[in-house]
Amino acid sequence: MVSGKDRSERIPWDEYWMNIVHDVAKRSTCLRRQIGALVVKNDIIISTGYNGAPRGFPHCLDAGCRRDQLHIASGERHEECVGVHAEQNALLQSGRDAEDATLYVNAFPCKICAKLIINARIRRVVISGEYSDKEGLDYLNKAGIKLTFL
């Protein structure tokens with residue numbers, strides 16, 4: 001072995017994928033929260049996503065946060081945010097390959113993302129971190145999607 005570590009010391013898959021999610025989140029251009037997402041199927045990364053402005057739009061890092069300017073609390077009035085959520089970006093990139101896959105994300109999916117996760121036929125969502133809008137978790141539970149919290 002190169003590292004000298006016993007093979008039993010390897011980190012579990014969920015931890016491995018979540019470590020990648022945390023690195024993906026570092027690309028976020030959101031001033032409030034840095035969220036990353038990863039779609040994995042058969043132990044292969046299908047896609048990644050992070051939250052930020054749509055292609056061609058000014059990033060919040062440069063233009064400021066509209067939600068902060070309007071004094072909107074976290075988890076409320078999602079339509080006032082120009083950003084695309086990490087889960088949305090990961091699902092867009094994965095297309096139909098998301099079916100029966102696992103989505104890893106470092107926050108609770110909001111109710112909008114939960115509906116997209118359900119329709120993409122994701123079978124499992126692994127979550128580290130929290131989010132003020134917990135209604136998305138109810139949607140995922142109601143759809144029978146397995147939730148794992150790290």
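A: Arg 121 sits in the loop that runs between α5 and β4, the strand made of residues 124-127. The model is a predicted one. Although Arg 121 is not a glycine, its phi is positive, at about 65 degrees. Its relative accessible area is 45%, which means that Arg 121 counts as partly exposed.

Two packed helices are described by the angle between their axes and the distance between the axes. Helix α5 covers residues 111-119, and helix α6 covers residues 135-142; their axes come within 7 Å and cross at roughly 20 degrees. Because angles under 35 degrees count as roughly parallel, α5 is roughly parallel to α6. The crossing of α5 past α6 is right-handed. On the α5 side, the contact is formed by Lys 111, Ala 114, Lys 115, Ile 117 and Ile 118, and on the α6 side by Glu 135, Gly 136, Tyr 139 and Leu 140. Sorted by class, the residues of this contact are five nonpolar, one polar and three charged.

Helix α5 also packs against α4, which spans residues 86-94; here the axes come within 9 Å and again cross at roughly 20 degrees. The pair α4 and α5 is therefore roughly parallel as well. This crossing, between α4 and α5, is left-handed, whereas that of α5 and α6 is right-handed. Glu 87, Gln 88 and Leu 91 of α4 meet Ile 112, Cys 113, Leu 116 and Ile 117 of α5. The classes in the contact of α4 with α5 are five nonpolar, one polar and one charged. Ile 117 is named in the contact with α4 and also in the contact with α6.

Within α4, Gln 88 can be looked at in more detail. Gln 88 has a relative accessibility of 16% and counts as buried. Leaving aside residues up to four places away in sequence, Gln 88 touches Ile 112, Cys 113 and Leu 116.

Cys 110 is buried, at 2% relative accessibility. Counted by this cut-off, there are zero disulfides. Cys 30 is in none either, and the nearest cysteine sulfur to its own is that of Cys 81, 6.0 Å away. Cys 30 is buried, at 17% relative accessible area.

Ile 35 lies in the loop between α1 (13-25) and β1 (36-41), and with a relative accessible area of 10% it is buried. Residues up to four places away in sequence aside, Ile 35 touches several others, including Ala 86, Val 105, Asn 106 and Ala 107. Ile 35 and Gly 129 are 94 residues apart in sequence, while their C-alpha atoms are 9.7 Å apart in space.

Asp 43 is in the loop between β1 and β2 (44-50). Its phi is positive, about 60 degrees, although Asp 43 is not a glycine. At 43% relative accessibility, Asp 43 is partly exposed.

Methods:
Residues are numbered from 1 along each chain as its sequence is written. This is a predicted model: local features need pLDDT of at least 70, side-chain atom pairs count only at pLDDT 80 or more; totals for chains, interfaces and linings use all residues. Side-chain values use heavy atoms; hydrogens and water are left out. Axes are lines fitted to C-alpha atoms, for helices over the stretch in contact, and angles run from 0 to 180 degrees between N-to-C directions. Helices (H or I, at least four residues) and strands (E, at least two) are DSSP runs, numbered from the N terminus. Angles under 35 degrees count as roughly parallel, over 145 as roughly antiparallel, 65 to 115 as roughly perpendicular and the rest as oblique. A crossing is left-handed if the near helix is turned anticlockwise from the far one by less than a right angle, and right-handed if clockwise. Contact means heavy atoms within 4.5 Å. Ala, Val, Leu, Ile, Met, Phe, Trp, Tyr, Cys and Pro count as nonpolar, Asp, Glu, Lys and Arg as charged, and the others, Gly among them, as polar. A disulfide is a pair of cysteine sulfur atoms within 2.5 Å. Buried means under 20% relative accessible area, exposed over 50%, partly exposed in between (1.4 Å probe, protein chains only).
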